[in-house]
Amino acid sequence: MDATSLYDLSPALRLMGMGLMVAAGPLAWLWLRHSGAGPARRLQALTLLTLFLTFDLVLFGAFTRLTDSGLGCPDWPGCYGKASPVGARDHIAAAQAAMPTGPVTHGKAWVEMIHRYLATGVGVLIVVLAVATWVLWRRQRAGTGPRGFIVHPAWPSVTLLWVCAQGAFGALTVTMKLFPAIVTLHLLGGVGLLVLLVVQAESYRQSAGAVRQPLGAGLRGLLWLTTAMVAVQIALGGWVSTNYAVLVCNTFPMCQGSWWPEMDFAQGFELWRPLGRSADGLQLEFHALTAIHYTHRLFAYAVFVALGVLAWQLQRAGRLAPQRRWLIALAALQLVTGLSNVVLDWPLLAAVLHTGGAAALMTVLAWALCASRAATEENAKTIAANAIPASAAGLKA
């Protein structure tokens, strides 16, 4: 008995082929647009392009989850063993006839497979990024490459390993039937991938002459604290979404007519359990879903305060102006979309934008951390001396 009789590799190979096709377009565009640039400049452009497409992938992943398309093809990597829903149309039609609203329908199958094609395409771009960085770094070490700072290949190598883990979590999302902990980790992995790419993109920007801005110890600590709080809030939001707990509180600011509704935190935050069930297999209680939702809402208040204080302190110090403006805009977007999800019964556009806004917030905070550094004692004195004039100038403006 040969290996192919035990497992058919053709869907995986065809999926890889689709990923190559998806990545070919951006790579061709990049090559034509930067044909006259040096290898370091092309690597920087490739990093930024991969960052942009990864953010798009996170948005489309949210769309896939929010349209209940995660099981549109109930196997992995293909769709009923086929490379696309076209080959699986008879299986999909039979499943849809049995359950007209899903989880398997023709539309949901296409959404799920397009998500897989995009993910594979991003994976190809990250492979190219890792290989190209290693080649250029080795040439530079040998004295035959371009002068100047090049991102150490450890970063794209970690990114490549990370995206492989993301693929594994994507597979487990399907095979474990939307297990909440796995789906939440898959979401967090997507955000982590954005952070890794931001680190590399900012390193290239600094190699082109950008200078890291000094921040006082207190402000730098606040930046780290806010970043950690946003990461926790994204995890809590993912837990709300993957447990379908958004609509258990459909009023604001109270929930179910109370400032402190009845909640079951022990069951709600029992992490290793199937969707809709407790660890012992019982139906998940409504009070558990309330605990999941309300915890996310309460922690959001603290996150908004932290973001507001951080933006104010950056304004006073006259530092990181682009990042500060993005933080204010994204915080406002999160407030509007978060409220819309509650009071407008979870509209799809607001829900997708809420996930995208969270990912963008984490991206900007990572950018701010990479674009700044702890101030020396002399820098700290200068920053303190300039804080009041900078604040006054901002008020006049």
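Helix H5 passes helix H7 in a left-handed crossing. Left-handed here means that the near helix is turned anticlockwise from the far one by less than a right angle; clockwise would be right-handed. The axes of H5 (residues 106-141) and H7 (residues 180-207) come within 14 Å and cross at roughly 35°. Axes are lines fitted to C-alpha atoms, for helices over the stretch in contact, and angles run from 0 to 180 degrees between N-to-C directions. From H5, His115, Ile126, Leu129 and Thr133 meet His186, Leu193, Leu197, Gln200 and Tyr204 of H7. Contact means heavy atoms within 4.5 Å. This contact divides into five nonpolar, four polar and no charged residues. Ala, Val, Leu, Ile, Met, Phe, Trp, Tyr, Cys and Pro count as nonpolar, Asp, Glu, Lys and Arg as charged, and the others, Gly among them, as polar.

The model is predicted: local features need pLDDT of at least 70, side-chain atom pairs count only at pLDDT 80 or more, and totals for chains, interfaces and linings use all residues. Residues are numbered from 1 along each chain as its sequence is written, and side-chain values use heavy atoms, with hydrogens and water left out.

The protein chain holds 13 helices and two strands. These are DSSP runs (helices H or I, at least four residues; strands E, at least two), numbered from the N terminus. The radius of gyration is 23 Å, close to the 21 Å that the globule rule gives for 397 residues, so the chain is as compact as a globular protein of that length. The radius is taken over C-alpha atoms, and the rule is 2.2 Å times the number of residues to the power 0.38.

A second pair is H8 (residues 217-242) with H12 (residues 348-370), packed at about 155° with axes 10 Å apart. The two are therefore roughly antiparallel, a label for angles over 145 degrees. H8 also passes H12 in a left-handed crossing. Residues meeting across this pair include Trp224 and Val230 in H8 and Leu361 and Met362 in H12. Their contact has eleven nonpolar, two polar and one charged residue.

Now the backbone. Most residues other than glycine have a negative phi, and most peptide bonds are trans.

| Cis peptide bond | Omega |
|---|---|
| Trp76 to Pro77 | about 5° |
| Gly102 to Pro103 | near 15° |

Pro77 is in the loop between H3 and H4 (89-98). Pro103 lies in the loop between H4 and H5. Lys177, not a glycine, has a positive phi of about 55°. Just after H3, Asp68 takes a positive phi of about 55°.

Terms used: Angles under 35 degrees count as roughly parallel, over 145 as roughly antiparallel, 65 to 115 as roughly perpendicular and the rest as oblique.
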